[in-house]
Amino acid sequence: QLSGGIAVFIATYIFIRTLLPPKYQMPAIFFSLMFEISPLSLTSLTPVLPGFITPLRNFGLPHHAWGEALGLLSLLFLIRKNGIGLFISTLLSTVFLPPVMITLGLSVYPVLFIWALWKKNVKKTIPLLCVSGFAVIIVGLQTKLAFSAAGYPWSAWSLIEKSWWKSSDAVYLYAQSLTLYIPFFILLAITSLYRWKSWPESVKIIVLVLSSWVVMPLLYIPISDRNFFPVANMRLLHGDLYIAAGILSAIALIEFLSLFKNRTIRQGGFAIVIGLSLGISTVLGVSYFTSFLKTQEPIDPHAYPLTSTWEGVKFLQNIPKQSGVLVREMFGEIIPGFADVRVYIGGTHGFPDWLDRQQKAITFFSGKLSASDAMSFLQTNDIQYIFYGPDEQAVTQTPELYPNILTPLFHNPSVTVFSVNAKPTDVSNP
């Protein structure tokens, strides 16, 4: 995660320093790398579905961050017409995270092609677009073959992902996460009416390309659930989009202030805008991270388990092979690697109905089901044992977990392993 975050920062810095005139560079770095825009409720400083879009900005997964960093570099090489750099960065970005280059291809490449037609520069642009497309196709075909060979659910993974998120949710949360950038987008639209003819070609192409990169995903999301569309709706949204929004905001601010001839007004306006942006960003950032850190207590208990917790995992080696075990997703992801059992839920890649299973597991471990409903759930899903560790205990809202239908087989301060009673003492009562 750390290396991925560093890669994004370095790629962003190189992109800005290479492509932008000096007067835009410092504010672009500020708005791209220091401007916190977590998706908060418009009426309160609380996250809306934390984890839905926020990690796209805050570099949640290493392969996401590396894919985004390399995707940004591929755009740099494309604009600078560096074919070798373009091929390598596109290939590697697609290996790490294919949707990054798919989003770029759908959003940015048409604009570059139209620009080339307008400027009668097609002969130089088309080969570069073909180089990038060839790199994506190489990885795409290899991935498609590997997924097909792996069987279900991998062979239908794109369709499965498309069932996870409503398009309306994706549009709403993405648009809301851009709330603080919207005033700058308005300024950019206004100033472009006055300044467009005076801008150098290098600035014009940056504004067109990055604007397309930010806006086009909103247009593609409504059709992303169709079978012909290559990725799911949320796969169109990446942390790179906020880098593009930050650069556009910097250009908008500098160009708007340049409309004022008085130097004092320009300097004062710049200081006020940066100060307000930093203050608002700090409040939003603190609000988000305070809430987020609460959800991370304890941090990755399955990655750094206590010795006592691990004893519960090892106990599962003693139960009959391929027994069904109910556990939440954290330990469910690793338990099958250390005991020959079936888990109700684990990593997202193994369960097409993962979100539904996650919610049902939480509901069970809340302890709020009646004994009869809990037993029905366990029997329907062929579950014989319950792993009741820190993650499971964190959502329990009752003094005991279904004492009428569960019998403790193993217990220590961290974990209890229950067996499901073959003949419950009384399932008519909670």
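1. In this note, a residue is called buried under 20% relative accessible area, exposed over 50%, and partly exposed in between, with a 1.4 Å probe and protein chains only. By that rule lysine 120 is exposed, because its relative accessible area is 77%. The residue is placed in the loop between α7 (109-118) and α8 (122-150), where helices (H or I, at least four residues) and strands (E, at least two) are DSSP runs numbered from the N terminus.

2. On provenance, the model is a predicted one, in which local features need pLDDT of at least 70 and side-chain atom pairs count only at pLDDT 80 or more, whereas totals for chains, interfaces and linings use all residues. Residues are numbered from 1 along each chain as its sequence is written, and side-chain values use heavy atoms, with hydrogens and water left out.

3. The overall figures come next. The protein chain has 19 helices and five strands, and 47% of its 430 residues count as buried. Taking contact to mean heavy atoms within 4.5 Å, 70% of the contacts between residues at least 6 apart in sequence join residues at least 24 apart. The chain exposes about 21,000 Å², of which carbon and sulfur atoms supply 65%; such areas come from the Shrake-Rupley method with a 1.4 Å probe, and for residues only the protein chains shown count as cover.

4. A nonpolar core is here a set of buried Ala, Val, Leu, Ile, Met, Phe, Trp, Tyr and Cys residues joined through side-chain atoms within 4.5 Å. The largest such core has 67 residues, and Leu75, Ile206, Leu210, Trp213 and Ile247 touch the most other members. Helix α13 (residues 240-257) gives the most to this core, namely 13 residues. A second, separate core holds 40 residues, including Ile319, Ala339, Phe377 and Ile383.

5. Leaving aside residues up to four places away in sequence, isoleucine 247 touches Phe15, Ile16, Leu20, Ala28, Ser32, Ile206 and Leu210.

6. For aromatic pairs, rings of Phe, Tyr and Trp (its six-membered ring) must have centres within 6.5 Å, with planes under 30 degrees apart counted as stacked, over 60 as edge-to-face and the rest as tilted. The whole structure contains 18 aromatic pairs. The pair of tryptophan 66 and phenylalanine 96 is stacked, because the ring centres are 6.1 Å apart and the planes are at 20 degrees. Tryptophan 66 lies in helix α4 and phenylalanine 96 in helix α5 (residues 83-96), so the pair ties together parts that are 30 residues apart in sequence. Tryptophan 66 is partly exposed at 31% relative accessibility, and phenylalanine 96 is partly exposed with a relative accessible area of 34%.

7. Phenylalanine 364 and tyrosine 402 form a tilted pair, 4.8 Å centre to centre with 40 degrees between the planes. Phenylalanine 364 belongs to helix α17 (residues 354-365) and tyrosine 402 to the loop between α19 (390-393) and β4 (406-411), 38 residues apart. Phenylalanine 364 counts as buried at 0% relative accessibility, and tyrosine 402 counts as buried at 4%. Ring pairs link Tyr344, Phe364, Phe365, Phe377, Tyr388, Tyr402 and Phe418 into a cluster. The charged end of arginine 357 sits over the ring of tyrosine 344, 4.8 Å from its centre, the criterion being that NZ of Lys or CZ of Arg is within 6 Å of the ring centre and within 35 degrees of the ring normal.

8. Two polar sites deserve a check. A polar contact is a pair of N or O atoms within 3.5 Å; within protein, one must be able to donate a hydrogen and the other to accept it, and residues adjacent in sequence count only if both atoms are side-chain atoms. Histidine 64, in helix α4 (residues 62-79), is buried with a relative accessible area of 16%, and a polar contact of 3.4 Å joins its side chain to that of histidine 63. Serine 366, in the loop between α17 and α18 (371-380), is buried at 6% relative accessibility. A polar atom of the side chain of serine 366 lies 3.2 Å from the backbone nitrogen of lysine 368.

9. A backbone point remains. Most residues other than glycine have a negative phi. Lysine 120, although not a glycine, has a positive phi of about 55 degrees, and aspartate 382, also not a glycine, has a positive phi of about 55 degrees. Aspartate 382 is placed in the loop between α18 and β3 (385-388) and is partly exposed, with a relative accessible area of 42%.
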